[in-house]
Amino acid sequence: MSPHRFDPARLGRLNDIARLDDLAPGPMWKAFGVPDARLVVELGAGTGMFAREFAARMKPGGRLFAVDSSSEMVRWMTQHLVGATDVEIVPTLADAAELPLDTGSADLVYTVNVYHELDDPPAVLKEALRVLRPGARVAIVDWKKEATPKGPPIEHRSDLDAMTGALESAGFTSVTSHPVLRYHNVLTATRP
Ligand SMILES: C[S@@+](CC[C@H](N)C(=O)[O-])C[C@H]1O[C@@H](n2cnc3c(N)ncnc32)[C@H](O)[C@@H]1O
């Protein structure tokens, strides 16, 4: 397991509402560019802070699979999020590289502050490509690799060019960087 993976003992910090100042859900959701998404997947959902925010922006009848490999996180989401939103949030215990979802079923796969923690980014991007339907989107939000007042050490962060290259190598097209957040890169790409 990556030494940079988030420690579930620090779960409470993920729920700090002040995080939404720097990670504003509105601009992120707009940048993702899939306002009518019906089946959405979050990789590394943690306590589901963003699952809740994006579920609130989805149209009725949609479903959001909040995937995390930590049973503590999934238990927390099950206790606090299930039934709390109109759009169904489905806490899902799984590794991002092995999703229990059908091929070509998702409209959007996104991840926030997780990419730099991944053990095997190419495997995760390949799996995202598998579950997305043709024309659907993947979105990666992660810390810019530059000095910021908070966030992980710079040497643990992922470089924008490297992420772009990884998306292209996985088979995604139209990789686009959206300058909507101060301290984070927001990248989207399309499943051909
Ligand atoms: C820094 S937390 C971010 C949580 C959430 N995205 C947020 O920003 O509030 C990273 C989360 O990713 C999860 N994670 C890391 N690698 C993963 C993987 N390969 N598959 C699924 N979850 C993973 C960790 O268990 C942790 O809950």
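This is a selection-by-selection tour of a predicted model. Local features need pLDDT of at least 70 and side-chain atom pairs count only at pLDDT 80 or more, while totals for chains, interfaces and linings use all residues. Residue numbers start from 1 along each chain as its sequence is written.

Start with the ligand and select the 22 residues around it, of which Phe6, Gly44, Gly46, Ser69 and Ala96 come nearest (a residue counts as near if its C-beta atom, placed from the backbone, lies within 6 Å). By residue class, the shell holds 12 nonpolar, five polar and five charged residues, where Ala, Val, Leu, Ile, Met, Phe, Trp, Tyr, Cys and Pro are nonpolar, Asp, Glu, Lys and Arg charged, and the others, Gly among them, polar.

Next, select Thr111 in strand β4. Thr111 is buried because 23 other C-beta atoms lie within 10 Å; the cut-off for buried is 20 or more such atoms, placed from the backbone. Beyond neighbours within four places in sequence, Thr111 is in contact with Glu42, Leu43, Gly44, Ile140 and Val141 (contact: C-beta atoms, placed from the backbone, within 7 Å).

Now select helix α6, residues 121-131. Its buried residues are Pro121, Val124, Leu125, Glu127, Ala128, Leu129 and Val131. Their cover includes β1 (39-43), β4 (106-112), β5 (132-143) and α7 (160-170).

Finish on Val109, whose contacts, leaving aside neighbours within four places in sequence, are Val41, Leu43, Ala128, Val131, Leu132 and Val138.

Definitions and conventions:
Buried ≥ 20, exposed ≤ 12 C-beta atoms within 10 Å, placed from the backbone. Helix = DSSP H or I, 4+ residues; strand = E, 2+ residues; numbered from the N terminus. Contact = placed C-beta atoms within 7 Å.
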